[in-house]
Amino acid sequence: MYPVADKRLLVPLSTSVTVRQTVGYAVRSALEGDGPAELHFVVAVPDDAGMSGDTRHLEEADDLLERARTWANEDADDGALSVETAVLGTDEYLFGPRDYAESFAAYADDNDVDRVVLDPEYLPGATSPMLQPLERELAAVGLAYDEAPVERPARRERLVGAESLDRFVGMFGISFAFYLLLGDPTYWFDLVTGVVVAAIVSITLSHVTFSIAPRRIESPIRTVRFALYVPLLLWEIVKANVAVALVILRPSMPIEPKLTRINARVSGGLPLLSLANSITLTPGTLTVRANDQRLVVHTLIEDAREDLFEGRLERAVRFVFYGREAAAIASPEERGDAEIIRGDEW
Amino acid sequence: MIETIRFGAIVVLVAGGLFFTLVSTVGVLRLPDVYARAHTASQADTLGAGLTLAGVALALGWQSATIYTVLLLFFVFLTNPTAAHAIARSAAETGVEPLTDEEGENR
């Protein structure tokens with residue numbers, strides 16, 4: 001299997017159903033060789049928890065680390081095993097898989113760790129699947145990893161349970177509302193056919209539409225917040241349109257096309273899609289590449305670039321998906337997440 | 001009186017839509033490369049179609065066809081950035097170097 005020469009293992013933990021098995025596997029593979037081994041358990045606190053002074057996440061992290069330490073000591077029996085624990089992300093924004101990978105790499109460097117053991121269900125605070133992008137980013141920063149072989153008993157059960165009901169109800173509501181919007185909500189025939197069509201659509205497509213089940217409370221709140229976001233977006237579009245129109249109509253046409261890279265602090269499919277689409281929708285900024293939260297944006301004029309670096313749209317998208325507190329974030333420029341790049345370095 | 005205001009508003013909206021569509025055309029002709037042109041091409045969709053459809057909605061008044069107009073606008077706003085991004089991305093993938101202004105490289 002894996003070479004067992006390495007004795008120091010880094011094990012990122014989150015409260016998943018398989019965290020116990022991951023710890024067990026890490027202990028076994030650490031003790032496979034001879035001589036003393038070192039296990040480093042780390043809990044990465046997601047961006048919103050670390051910076052806002054909310055201590056609840058930190059307490060949870062300490063609690064999890066304490067449990068992991070006990071488990072490791074149980075499993076190690078008499079093996080020569082020392083356990084280190086740490087909480088990562090308290091002094092930096094951890095958002096997407098790349099941030100996690102970089103944070104792990106920095107920790108691995110400091111502590112001379114040579115391999116990472118990943119929990120297949122690793123999900124640190126984020127709502128989107130983490131494992132595959134994280135593996136890609138770990139490979140990119142050159143950190144060796146292997147995935148703990150675990151059994152996931154409850155997984156399939158959970159998918160046909162409450163979550164798929166939520167998906168079904170969400171999809172049914174959306175398609176029924178859309179049907180009646182096109183038809184006549186007071187005509188009985190449209191109501192009946194609407195129910196039939198919505199039922200068929202939601203049975204066949206609800207798993208395609210929602211890769212993550214909608215939340216009963218959060219999703220409607222997000223929809224309302226999105227409705228608040230639309231006027232702001234329209235206003236930004238009008239402003240940008242006028243600015244670009246003025247530049248184009250000037251005989252000298254003072255354009256300054258530049259490529260920029262923005263490390264956006266939104267993660268997951270839908271929030272990123274909203275941000276990248278909003279950026280492209282405003283003339284003057286155009287998303288050329290989107291690699292997780294790293295967006296390569298082509299900017300046409302100085303004003304548009306300043307607006308982009310100020311991150312007003314990013315803040316608005318964070319407000320829509322994460323709430324009001326999350327919207328108060330430093331601008332990409334202040335965070336050092338915005339830079340002008342040349343055409344050949346993307 | 002109200003009819004006159006409404007008529008005036010419709011004319012202003014449609015004229016605005018036409019203006020931005022014209023600007024977009026001028027931009028596509030004047031701007032240097034595919035990336036810069038993609039910016040201005042989206043103007044025809046956002047404010048060009050946007051203002052015109054707002055004028056249409058106002059002209060139709062309060063009826064179900066107005067809802068279709070708003071929906072139409074919604075879908076234009078969804079598909080426009082997707083198309084613009086697809087064009088820019090495929091240009092980047094086929095190796096089209098963006099024409100960039102390298103003097104102000106001090107930020």
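Among contacts in chain B between residues at least 6 apart in sequence, 64% join residues at least 24 apart, a contact being heavy atoms within 4.5 Å. This is a predicted model, in which local features need pLDDT of at least 70, side-chain atom pairs count only at pLDDT 80 or more, and totals for chains, interfaces and linings use all residues. Residues are numbered from 1 along each chain as its sequence is written, chains are lettered from A and ligands numbered from 1 in the order in which they are written, and side-chain values use heavy atoms, with hydrogens and water left out.

Let's stay with chain B for a moment. Its pattern along the sequence is α-α-α, with three helices and zero strands; helices (H or I, at least four residues) and strands (E, at least two) are DSSP runs, numbered from the N terminus. Of its 107 residues, 34% count as buried, where buried means under 20% relative accessible area, exposed over 50%, and partly exposed in between (1.4 Å probe, protein chains only).

How confident is the predictor here? Chain B has a mean pLDDT of 82, with 93% of its residues at 70 or more; pLDDT is the predictor's confidence in each residue, from 0 to 100. The model as a whole scores ipTM 0.84 and pTM 0.63.

Now for where the chains meet. Chain A brings 43 residues to the contact and chain B brings 41 residues. About 3600 Å² is buried between them, and carbon and sulfur atoms give 65% of that; buried area is the accessible area (1.4 Å probe) that two parts lose on being put together, summed over both. On the chain A side, A:I248, A:L281 and A:L286 lose the most area to chain B, together 15% of what that side buries.

Next, the inside of chain A. The largest nonpolar core has 25 residues, and A:L13, A:V23, A:L39, A:F41 and A:L81 have the most contacts inside it. Such a core is a set of buried Ala, Val, Leu, Ile, Met, Phe, Trp, Tyr and Cys residues joined through side-chain atoms within 4.5 Å. At least two residues each come from β1 (8-12), α1 (19-31), β2 (37-44), α3 (55-76) and β3 (81-88) of chain A, and the largest share, seven residues, is supplied by α3(A). Not counting residues up to four places away in sequence, A:L81 touches A:V27, A:A30, A:L31, A:A37, A:L39, A:A72 and A:A76. A second, separate core of 23 residues includes A:Y229, A:I237, A:L272 and A:A276.

Finally, the rings. There are 10 aromatic pairs over all chains, counting rings of Phe, Tyr and Trp (its six-membered ring) with centres within 6.5 Å; planes under 30 degrees apart are stacked, over 60 edge-to-face and the rest tilted. A:Y187 and A:W188 have ring centres 6.3 Å apart and planes at 65°, so they are edge-to-face. With A:F189, A:Y187 makes a tilted pair, because the centres are 6.1 Å apart and the planes at 40°. A:W188 is exposed at 59% relative accessible area, while A:Y187 is partly exposed at 40%. Elsewhere, ring pairs link A:F168, A:F172 and A:F176 into a cluster.
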